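Let's take a walk through this structure together, one piece of packing at a time. Have the view open and follow along.

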Amino acid sequence: MDPSADELQVNPLDEEIASLKKQGKSSGPRVSIALRITSHHTHSPKLTAILLNTVAHLRKTLKIECSTILSSPSIKDVLVASLNPQPTPKSAALRPRKPRKSTDRDEHLLLTRSKQQEAYNQQCLYRICASVTAFKVHDPDPNAVDGGHVLGLRFEVMTRGQFLQPYYVMLNRPYPNSSKALRIHRHTVPPAIPLPGLAARHLPAPKQQSGSDSSIPLPKQDLERFVKSLRREIMRYHNRLGVSADLRRSLGAHSQAAADGSSIPPNAIVDVSIADTEAKQIRLTWADERNGRLVMDDDGKVVKFMVFGAEGRDWETTKQLTESQGRVEDVAKMLEEYAAGRDS
Amino acid sequence: MARFSVPTKARLPSSLRVDSSNPAVIKSLGRLSREALISLAISWLDGDTIANAVPYLERRDDEDEVDPDDIYPPCGSVQELYELYVDMQQQKGSKRDVANRILEGDWRHGLSLYQLAMVDFYYLEEHPMSQKWTAYKILPLKTPTKDADDEILQVDDKALNVPRFHPSTFLQSLQDQVLPDIKAHYHFHRPKDLSVLLLRIFVIESPYNSSLALSSVTGSGSSTNFTSSRTVYLAFPDGSSHIYITKSQANGPSAMGESKSLQNLIIHGVPKALSRPRERYTLKPTSLTSRNLETLLDKRGPGRGNAAGGGWSIYASEKNKKSPLDAILPSPPLSRDSSLSDQNRKRVIPLNSDQRSAKRAKLVAQARFGDSGLIADGKGIERVDVLLKDPFPTPAAAENQGLEEEQANAPNEASVSARRRTIDAVLRQAADGDDEESNEPGNPSQWQPTVQITFQGNHVFAGIRQLVEAGIVDGERMPGWMTGEDGVTIGVVKHGRIRGNKGSGL
C-alpha cells in the first residue's frame, strides 16, 4: 500500500474499527485486521486509543476462552494422557527427533495451570453458593504466632445482583496454653460493624491458668456463632446502606432539577444522606430547607422520625408522615407520595 | 460593643473582633498566599458569612471627612468591595498588598474570631502537614451500677453500639465542660478532599465573653490577652469511631504544663461531650501520630484498612476485587507482562543471578507490603519509634540486623528526653495491659539491652520497602512490624511482634 492510498483509506478503516468495537465480539480474522491497521496508522492518537481498546478487549476474550478451555474435563484428560504415555518402543522410534523436553515442559505447565484453574473454579463455586467461606493463609511475618498459620474467613456481600468486594477476617491461635482458642488477627471489616464486641462475646480470650478458681466456667469460644452474628451485622449494614441508596434514587430525581435551576415543588426532597457511622440514621432535606431525621433499628424498622422547619419542630409534617409506623421502605413510599401529593 | 462585661459561662461569639494591629493577627495573615487571601476576602463578603465579617465601609453621613492620606479609601457598599477583590484576582501583585489592604483598609476595625478561624483553616488547607494529629479510639463504657458514686467505669468490650457524633449537640455538651474562667470559640470546617469534619477550638483565659476577653487591660495597657490563647484542632472522620486531636498551639510564649493541661482538659472533655445518658464513652490513645490526615483516615478511618496494614492490605484494596462469577484465573503479581504473546516469551534472555535476585527481592517486597508502602500513595508516616525488648541475638544472627537500623538513637539531643518519657509511658502501659501474656521470668543469662529504633522520613514504610526491593533488607526475615502492618507509630516489640498486637489490637 502506498502512502496516498493510506490517507484515503483512513475513513473506511475508521468505520470498520468502530463497527468492530460496537460488535464487541471478535475472532481470529478480525485480530489480523486490527494488527494490520496498527502497522499503518500509529500516528493518529484517536485511532491508537481505539486500537488499544480493541486489543485490550481481545486479550480479555482470549483469557476467558483460555480459562474455559483449560477447565473443560476433556482437555484435562488429553493433557494427563499426553504426559503419561505408555511409550511403546515403536512409537518412540517413529517419533521425529524433536527436543522432547520443551514440549514436555509446556504440557507440564499447562497441566499445572489447568489444576490451578480447577481449584479456582471450585473456590468460585463455593463463594457463589455459600456467603461465608474459609481459607488458609500463611502469615509472612517470621515471628508470627503458631508458625504463621492463619484462618481466613471471607464474607460475601451483594448489592443489586452484583458481588461486592468481600470482607475478610483473619484468625490465628496465639494462646500457648489453650491451643484451640482463636483470636482475630487482621480484618477488613469497617468500623460501622461492632466486630470487637462480637469477638468479645463469642471468641473470649481463654483465662490464664490461675488454677484456683475452677468454679467459674471457662469462657468457651464459639466460632460458628461468631461468624453467624458477624454475617448478620454485615448484611444488616449493607441492607441499610441499600435502603438509603434506594431512597436517594427514588427521591433523587429532584436534585437534578435543582441543579438545572428549574423550579421544584417545596415538598420535594433534594438530598438524602447517611448521618451516622452505622447508617442507621438518614438525613433528609426538602426543597424548602426543612430537615428531617429518620432513625431505624437493626431490622430496618423506623424507630424515630422528625422534621425540623425554619421555626423548630415541624409537627404537622411529622404527623402526616409517621402514620404508618413501619419499615423504612414504607416511609420512603410515604415520602414519595407526600412530595407528589401536595404539589399536584 | 457591650458597655458592661459580666463574667459568664457562654462561649465567645463569632463576631467578636480582634484588633487588626495585633501581632498574632498580622502573623496568621502573613502565612497565607496571595490567592488564598483574596479568596478568603471574597468568601467573607459572601452572603451568609458577612454577618460575622462586617467590613469597614464608608459612612454616608460623614462624607465630608474623607481622609486624603488614606491609602485604602473605604468602599461604599459590600458589592463594590466584592467586585474589587474579584478584580484583584485577575491582577498580579504581591501578597503584602492584599494583607495590608485587609488589615489597614477594609477590616481596619479588626478581624472577627470567625475570620481568624477561617484564616487558620485556609492555612491548614494550604499546608496540610502543619499539624500533628494523634488518633484516639472512642470506646463505650459499662453503665455504672446503681449505688456506687465514684467507681471507675470499665471499658465495655462486649458493647455492640457504635458511637455516634452529632456536631451541634457535641458542641453544646463540650461547652458545658469548659470551666468558667476559660472562654472558647468553636469553628467547624469541612475540607474539600477529605471526609473529615474539623473543629477548631480557640481558648482564651478570661471570665468575659465580650471584647474585654481579648483586650484585657494590663499594666502596659496595650498588651492583649491574645498571647495566652491556645488553638486545638479536633477531627471527626466520617463513619469511624475515632477522633484525631492535635497538640495545642500557643500564640505567645507559654509554659509547657499549661498547654498540656489544656490537652488533658480536651481529652477528658471530649468523651463526656460524646456521651449521652446511659451511654458513656471514653477515649483511648491508639499509638498513632502523624502529620498526614490521609494516613490517619486510612489506618483509623471509615474504610477497610484499619486492621489490615502491610501485606494484608491486598485484602482491603479495591484493586484485587474479583467477583466469583468471573472464572478467569487471577494472574499472580509481577506476571502482567507474561500475558503477552508467547513470541515475546521465547525471546527472553535468561536472567543472570543479579537480575534474578533483584526480581526475587521485588516479589518478596510485594508479598510483605502488598499495596501499601508505595512512595506515591500519599499515606506517609514521618516517624516511627520502636523499643525492642527481646534478648540480644547471638552474634551469628546479629550481623544481619545491623543494617536495618536507619538511625539508632543515642540520648544526646535535648528532645530525646521528652520522647523517652513518651516511650516510658507506652512501656508502662504495655506492662499494665499485660494480662493475657504470661510473664515468663526473663532468662538471666541472656543479655537484654534497651534498644530504641527511630525511623524518620517522608514515608517511613515506603523507605523500608525500597530497602527490601534493593536487597539491603532481607525481606523474608524482616519482622512484621517493619511493614507497618500494626498501624502504630510507637510501640514495644517483644517476641518479634509489637506488644498488644498479637491480633489487631481488638
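In this predicted model, helices α2(B) and α4(B) lie roughly parallel to each other, because the angle between them is under the 35 degrees that sets the limit for that description. Packed helices are described by the angle between their axes and the distance between the axes. Here the angle is about 30°, and the axes of α2 (residues 34-44) and α4 (residues 95-106) of chain B are 8 Å apart. The crossing of α2(B) and α4(B) is left-handed.

Which residues make this contact? On α2(B) they are B:R34, B:L37, B:I38 and B:A41, and on α4(B) they are B:K95, B:V98, B:A99 and B:I102. By class, the contact of α2(B) with α4(B) has 6 nonpolar and 2 charged residues, with no polar ones. An α-helix has 3.6 residues a turn, so residues three or four places apart point the same way. That is a handy thought to keep in mind while looking at the two sets of residues.

Next, some strands of chain B. Is β7(B) buried or exposed? In this strand (residues 242-246), 5 of the 5 residues are buried, so β7(B) is largely enclosed by the rest of the structure. In a regular strand the side chains alternate between the two faces of the sheet. Both faces of β7(B) are covered, with B:H242, B:Y244 and B:T246 buried on one side and B:I243 and B:I245 buried on the other.

| Strand pair | Sense | Bridges | Residues opposite each other |
|---|---|---|---|
| β3 (residues 133-140) and β7(B) | antiparallel | 5 bridges | B:T134 and B:I245 |
| β12 (residues 490-494) and β13(B) | antiparallel | 2 bridges | B:K494 and B:R497 |

The hairpin of β6(B) and β7(B) has 4 residues between the strands, and B:G239 there takes a positive phi near 65°.

The pair β12(B) and β13(B) leads us to another part of chain B. An open sheet is formed there by 4 strands in the order β11-β10-β12-β13, with mixed pairing. At its edges stand β11 (451-456) and β13 (497-498), each with a single partner strand, so one side of each is left without a neighbour in the sheet.

Now for chain A. This chain has 11 helices and 11 strands. Of its 344 residues, 23% count as buried. Among contacts in chain A between residues at least 6 apart in sequence, 43% join residues at least 24 apart.

One helix of chain A deserves a look of its own. In α7(A) (residues 195-202), 6 of the 8 residues are buried, so this helix is largely enclosed by the rest of the structure. The buried residues of α7(A) are A:L195, A:P196, A:G197, A:L198, A:A199 and A:H202. Their cover includes β6 (183-187) and α8 (223-251) of chain A.

Finally, how do the two chains meet? The contact takes 41 residues from chain B and 41 residues from chain A. On the side of chain B that touches chain A, the elements giving two or more residues are α9 (313-316) and α11 (353-369) of chain B. The residues of that side of chain B divide into 17 nonpolar, 13 polar and 11 charged.

Methods. Residues are numbered from 1 along each chain as its sequence is written. Chains are lettered from A and ligands numbered from 1 in the order in which they are written. This is a predicted model: local features need pLDDT of at least 70, side-chain atom pairs count only at pLDDT 80 or more; totals for chains, interfaces and linings use all residues. Two residues are in contact if their C-beta atoms, placed from the backbone, lie within 7 Å. Ala, Val, Leu, Ile, Met, Phe, Trp, Tyr, Cys and Pro count as nonpolar, Asp, Glu, Lys and Arg as charged, and the others, Gly among them, as polar. Axes are lines fitted to C-alpha atoms, for helices over the stretch in contact, and angles run from 0 to 180 degrees between N-to-C directions. Angles under 35 degrees count as roughly parallel, over 145 as roughly antiparallel, 65 to 115 as roughly perpendicular and the rest as oblique. A crossing is left-handed if the near helix is turned anticlockwise from the far one by less than a right angle, and right-handed if clockwise. A residue is buried if 20 or more other C-beta atoms lie within 10 Å of its own, exposed if 12 or fewer, and partly exposed in between; C-beta atoms are placed from the backbone. Two strands pair if DSSP finds at least two bridges between them.
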